[in-house]
Structures are given as structure tokens and as C-alpha cells.
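Subject: Structure for your review

Dear colleague,

Please find the structure below, handed over for your files. My notes on what was found in it follow.

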Amino acid sequence: MSLLTSLRRNYQQGRISGTLLLGLGILLAIVLFSAIGPMFVDAVNAQVGAVRPRRPPGPEYFLGTDSQGRDMWTLLIYATPNTLKMGLIAGFIGVGVGTALGLIAGHFGGIVDAIIRVISDALLTVPAIAILVIIAGNIDRMNTVIMALVVASLGWMFTTRTVRAQVLTIREKSYVEVARVNGESQWEILFTEIMPNLMPYIVASFVGTVSGSILAVIGLEALGLGALDEMTLGNTIYWSQQSSAVLRGYWWWWGPPIVVIAAIFIGLFLTSVGFDRFANPKLARR
Amino acid sequence: MSRELVRYLLTRFGQLLLIIFVAVSINFIIPRLLPGDPVQTALARLQATGGAQNVDIQAISAAYRAKYGLDAPLLEQYANYWLDLFRLDLGVSFANFPEKVSTMIGNALPWSVSLLAVATLIAFATGSLLGARLAWPTAGRGIKAFVPLMMILTSIPFYLLAIILIYFFAVVLKWFPPAGGVDTTRIMRLDWATTEDILRHAFLPCLAIILGNVGFWALGMRSQMVSVLGEDYITFAEAKGLHPRRIFVWYGMRNALLAQVTALALSLGSVVSGAVLVEVIFNYPGLGSLLYVAIRGQDYFVIQGVVLMLIVSLAVLLFLVDLIYPLLDPRIRR
């Protein structure tokens, strides 16, 4: 069966909802914007002092300029991919580590399980920003990759919890019992019987982790802990705050980054809501 | 009190102690894991940025080394760290030498706690009510329109909502002050003028936190209500001929609220994280702004103190929510 027919069948069954399509559409638009945008504009205009400062949006500068003489449109085009990149790196690492720990905890149980569970539960309830501030504040030379790593250090607990709970359910299923009786090894069971059934949960966790990571990155950057010499959406917010752009009425400075950030979060949120319905056909019939 | 209840309370108290222990240890270990002497680095950076021309760096550094014995073995430093915490000694500020960090935190704490408590309670109550209303079987089209709005509000970080609120209500319309916790010229007294001033300043930050959270509670309550209303005991109550309103409130909402309280405990961490940033945006005189100023001024002990305070007070709050839980759910009490 081709991919297309399979997609059409899923759509007819109501598994692919409008919510999922809308969410993915928004995300696709943002990804295209950040992939194609840099080909058409020159990064030079986003450097301090490149253009006339404090110009409102108009024919000359599509989104105006900030008070340090940067073209906002150019800045936005280069900042969006950087922010997405940090979210994706942190998301991959967080979900990877989280899945591994969840599998280990759920599959092997015992003292290892207890330690992983206690630590992840304790970290889940702590305000992430508090620990991230301590880590980020102690790093001398910050860049976007290090930022992603810092955020990823607290991005694994939710995945661990979900995966662990699922492993505990799946390992009691009869097909796992059959595999065990057939003499499959622990690892074979883990990778051939349990892992494939975890995929929907891992994908859902990934969407959630990317969203949480971007939230944390922007939060740290707004506090001035980001890589201040790099162009990111959070840094743009930080600089606009530093220059009291809100009070001085330069709405074009903080407005566009907020719109892009909001679009990213709404896209991710709709995707995760829609994906629930896709992964769990019982919901589709409601 | 039954044995189960005692066990429940003891487990929760153990968790509280564990979180505090982990938080204090992280706070102690991370700066020491990174290369270099944290205090020397912080002081050097402070000097480089010209933030401390009026303080005697050498004096602070020497006082610090003598007091904390930075050359002592790690375990001894760790023990000293705990001892100081028990004496509520969080060190002194570099930027405002020699003001104590504990005093600075004590001044900021009431602002943060009252802002966050009021905003969270309002958001929780209105969100849960709205969510329950949305799950009402005959909910009209008008109220259903709230669902996408709630989805949008939940997904946007609420410190960004704060910026938008300031622009419209403080800059364009000038209805509310754009920043601060109280008029800079006001002499604080226990009178109506002062109270009104504080409330006027608190309104927008409060609104930002409420708007950012209400959707989360409404959507959560709605899905809880939908699943609770499908339970057998609801069918049974209907068969008994109870009034629909009574079924909805006392059989439906009461049970759905349980899950909401659990969610409250789990989400407090992210609410606090967001509120820290809301305070920064509004320059509100709470812990968030204190943290921000400390980060900008490389004020090492203040950063550590605030972070510790945030973690510990959240752990205590979680414990309090756990204490309320048996009152709501008789199954735990028994």
C-alpha cells in the first residue's frame, strides 16, 4: 500500500484531524521561512549599526529597525532557525536520554528503577528555571549548542516517566510472554517487542520536549543568560527589554518575535493534540 | 488518623526533605564542578564589567575564603554549607556589600508570594469553572468558542503576554502603571492609598499570569469532566432521578477537581518559572526581579540564594497541596 493511500484511509477514518494538519502546517510554514529566508536576505543588515536606527516599518525597512541599527526583518529571518535549532537539539537529547532511562527503569526494575524514578520525580517538581539559571550562569562562553545542552539537562524527566509507565504495561502483555517462552533474550524483547509499541509515546514526548525546551531557552535568554552575540528570538526580546522598547512604543521590535514564538508554540500544541488522536484511534471516534 | 493516612503523610514529608536535599546539593555542586573558583570568577567578571568599583574586591574575597574554607576538602565545605543554611546564612551580596542575601530575599518574598498565590488561585478557580461549563452536555456555540482561545492562551508563554499587556494597558491606554510594585515616591503606610497603589501595580502582572494559566485549567477540567461524566455512578445517579445540576456539580465536578489538584501540584514548577519572568518584564520587586538584577550584576550569592529559595518554597507548597489532598479524597484518609 502506498503512503498516499494509507494517508487517505487514515484521514477518512478521522485519525488525521484538522487540528493535526493545522499544527503541522504552521510548523512547516515556520521551517520553510527559516530555511528559505536566509537565501534572500543579507545577514549584514542584522548587525549592529548596519542600518538607520529606530525606523518604523515602511517601504524601506519592511519590519522597521531597532535602536542599535539592526534590520528587524533580517534579524527575524536569522533568529528563527537558531531558536528552532536549539529546541530540536534539546528535544532530541532530552527524548533520547529520557527514553533510555525509562526503558532501563521499566524493564529491569529493582534498585536502578527506584533511583531513576526518585530523581526524575524530584526534578519534575522543581522550577526548571532555577536550576537552569545556576548552570547557565556558571558557563563562561555561551553559544546556541551549549544552550541547547543546558536545557536538555532538564528535558528528559517527562519522557522517562511516560516510557517507564508504558514499559510496565507492555511487558505484561501476552505477546511479550510468548516471546519470553520462545526463548528471546531480555534485549531482544526490549528492542523487538517493546520498543516498536513505544513509538507513539516517544513521538508525543518529542513534540512536548521541543516545546518545553524552546520555552526554557527563550526564558533564559530573556533573563540575559543566552549567547548574547548570536541572533535568536529570545535575545531579540532581551535587547528590546534592555532598551525599554515597550515603553518607548517600538512595537515592531518586540511584536514580530512574539508573533513568531507564539506561532511556534501554537503549531507544536496543535500537533501534539492532533497526534494524540492519530496515535490513539479510540479518541478519533468521539 | 488511620495508619494509611500517617503513612501517606510520612511519605510526602520524606519527599519534601528529599527535594530540599537534592536542591541544596545541586546548588552546592554545580558551581564547583565547573572549572575555576566560583567566587574568584564571579568577582573577576564583576570587576571586568565595572560593576563593583566601589567595593573592595580583595576584602570580600578574603572574607569569603576565611569563612567558607574554600581550600578545605569538599566534604567539609559541604557540611559547612548545610550549617550556614540552618543558620539562614546565605552569604552577602557583592553588588550591595555588605547587605545579607537573606535580608534581600526576605524583602522580595512577600511580593512574589502574594502575586503568585492570588493569580494562581484566580486562574485555577475560573479555569476549572469554565472547563466544567464547557463539558456541560448542552454547552452552546457561544461558550464553545472559548476552546480555541484557551488553546492559544495556554501555548503562548505568559511573560510574552505580559509584554503585550503592558503595551496596550500601560503605554497606549495608560490605565495602569507599566512597571514596579508601588509608586517610587510613596511612603509605605497601612492605609487605603498605599493599598490601592499596590493593587494598581499588581493588576497587570496578575492578569498576565491568570491569562497564561486559565486555559490550561479550563482544558484540563473539560477533559476530566468528559471522562467523569461517562462513569457508571453518573448513570446510577441519573437512574435515581437526581436533578441534573446536582449530578453535574456534586458527582461530576467534585471528582474532576481531584485530578485538577494533582495537576496543580505538578504544574506549580512551570508556573513559578513563568512568574519569575513576568516579574522581570514588569520590574516587580519580587524574587524574579531580584534574580534578574543579580544575574546582570554577577551577584553570585544572591543568585544562589534566590534559586534555593524558589526550589525550597515550591517544595513546601507541594507539601501543602499534598496535605489538602486527603481532605478532598476520602479514599486516602481511610
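Among contacts in chain B between residues at least 6 apart in sequence, what percentage join residues at least 24 apart? The value is 72%. Please bear in mind throughout that this is a predicted model.

Chain B

Chain B is built from 14 helices and has 0 strands. Of the 334 residues in chain B, buried residues make up 37%.

Chain A

Read along the sequence, the pattern of chain A is α-α-α-α-α-α-α-α-α-α-α-α. Along the principal axes, the C-alpha atoms of this chain fill a box of roughly 75 × 50 × 30 Å. Chain A comprises 286 residues, of which 46% count as buried. When contacts in chain A between residues at least 6 apart in sequence are considered, 70% of them join residues at least 24 apart.

A helix pair in chain A

Two packed helices are described by the angle between their axes and the distance between the axes. In chain A, helix α2 (residues 18-40) and helix α3 (residues 72-108) have axes that come within 8 Å and cross at roughly 125°. Angles from 65 to 115 degrees count as roughly perpendicular and those over 145 as roughly antiparallel; α2(A) and α3(A) are therefore oblique to each other. The crossing of α2(A) and α3(A) is left-handed.

The residues that meet are as follows. From α2(A) come A:I30, A:F33, A:S34, A:G37 and A:P38, while α3(A) contributes A:I77, A:Y78, A:T80, A:P81 and A:L84. By class, this contact of α2(A) with α3(A) has 7 nonpolar and 3 polar residues, with no charged residues.

The contact between the chains

The contact takes 33 residues from chain A and 40 residues from chain B. On the side of chain A that touches chain B, the elements that give two or more residues are α4 (110-125), α5 (128-137), α9 (186-222) and α11 (251-279) of chain A. By class, that side of chain A has 26 nonpolar and 7 polar residues. Charged residues are absent from the side of chain A that touches chain B, and the contact of α2(A) with α3(A) likewise has no charged residues.

With kind regards

Note on methods
Residues numbered from 1 in each chain as written. Chains lettered and ligands numbered in written order. Predicted model: local features only at pLDDT ≥ 70, side-chain atom pairs only at ≥ 80, totals over all residues. Axes fitted to C-alpha atoms, helices over the stretch in contact; angles between N-to-C directions. Helix = DSSP H or I, 4+ residues; strand = E, 2+ residues; numbered from the N terminus. Parallel < 35°, antiparallel > 145°, perpendicular 65-115°, else oblique. Left-handed = near helix turned anticlockwise from the far one by under 90°. Contact = placed C-beta atoms within 7 Å. Nonpolar A, V, L, I, M, F, W, Y, C, P; charged D, E, K, R; others polar. Buried ≥ 20, exposed ≤ 12 C-beta atoms within 10 Å, placed from the backbone.
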